Amino acid sequence: MLIDIATLRKLIETEEDDFKLTFRVNAVEQSIRAYTNNNFLNKNTVQTMVIDNGEMTVANAIFKINDTVQLFHTTLYDGIYTITDDLGNGIYKLNTEISDCVGTVGLVKYPQDVIAGAVGLIQYDIDNAGREGVASETISRHSVSYVNLGVSNTIMGYPVKLTSFLKPYRKMKL
């Protein structure tokens, strides 16, 4: 996960429950990974893994609880997961139940500026919920105008200035 919910709650104020916030964080994380074509994988941590009875076993016990890992070269389970439990000796539980398989695993590590930018995107989503489509609003003698967001001034559905932190992390698609 890009950022754990407890840390996110310290950075933004919201009444949303943990389930909704987790959903938002996962959606922003997927959008960032897709837009940048960057999986933020720490290549020094890539190793073979085996999942047996819902437990992932690796040779080098380098992961911690709440680390984000990416599974690849599996038959059905390629994707990103969170370590939820460290059982010792390189045996871990993931946030999703996975059937027995073999493959490769690596640590996903997001730079601080990507995490901070993602928090800004989540804050923007929360603050601007329900304001879409309103170009201006007048109540008595008070008038408010909003920027009209279109294809030319948005990236991933966010204003360009909120997504500029992603530019150094974009990779060319092959």
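Predicted model: local features only at pLDDT ≥ 70, side-chain atom pairs only at ≥ 80, totals over all residues.

Colleague: Where is Gln70 found?

Modeller: Gln70 is part of strand 3, residues 68–72.

Colleague: Buried or exposed?

Modeller: Buried. Its relative accessibility is 12%, and the cut-off for buried is under 20%.

Colleague: Which side chain makes a polar contact with Gln70?

Modeller: Arg33. The two side chains are joined by a polar contact of 3.1 Å. Gln70 also touches other residues, including Asn39, Leu41 and Thr104.

Colleague: And what stands opposite Gln70 in strand 4?

Modeller: Ile80. Strands 3 and 4 run antiparallel, with four bridges between them.

Colleague: What do the six strands close into?

Modeller: A barrel, in the order 1-2-5-4-3-6, with antiparallel pairing. On average, neighbouring strands of this sheet are turned by 45 degrees against each other, direction ignored.

Colleague: New topic. How many aromatic pairs are there in the whole structure?

Modeller: Four. Take Phe63 and Tyr92: the ring centres are 5.6 Å apart and the planes sit at 70 degrees, so that pair is edge-to-face. Phe63 is in the loop between strands 2 and 3, Tyr92 in strand 5, 29 residues apart. Both are buried.

Colleague: What about Tyr124 and Tyr158?

Modeller: Edge-to-face, because the planes are at 65 degrees; the centres are 5.9 Å apart. Tyr124 belongs to helix 3 and Tyr158 to strand 10.

Colleague: Which residues form a ring cluster?

Modeller: Phe40, Tyr110 and Tyr169, linked by ring pairs.

Colleague: Last one: what lies over the face of Tyr35?

Modeller: Arg170, at 4.2 Å from the ring centre.

Technical notes
Residues numbered from 1 in each chain as written. Heavy atoms only, no water. Helix = DSSP H or I, 4+ residues; strand = E, 2+ residues; numbered from the N terminus. Buried < 20%, exposed > 50% of the residue type's maximum accessible area, 1.4 Å probe, protein only. Polar contact = N/O pair within 3.5 Å; in protein donor to acceptor, adjacent residues only side chain to side chain. Contact = heavy atoms within 4.5 Å. Pairing = 2+ DSSP bridges. Axes fitted to C-alpha atoms, helices over the stretch in contact; angles between N-to-C directions. Phe/Tyr/Trp six-rings, centres within 6.5 Å; stacked < 30°, edge-to-face > 60°. Lys NZ or Arg CZ within 6 Å of the ring centre and 35° of its normal. Lists of a residue's contacts leave out its neighbours within four places in sequence.
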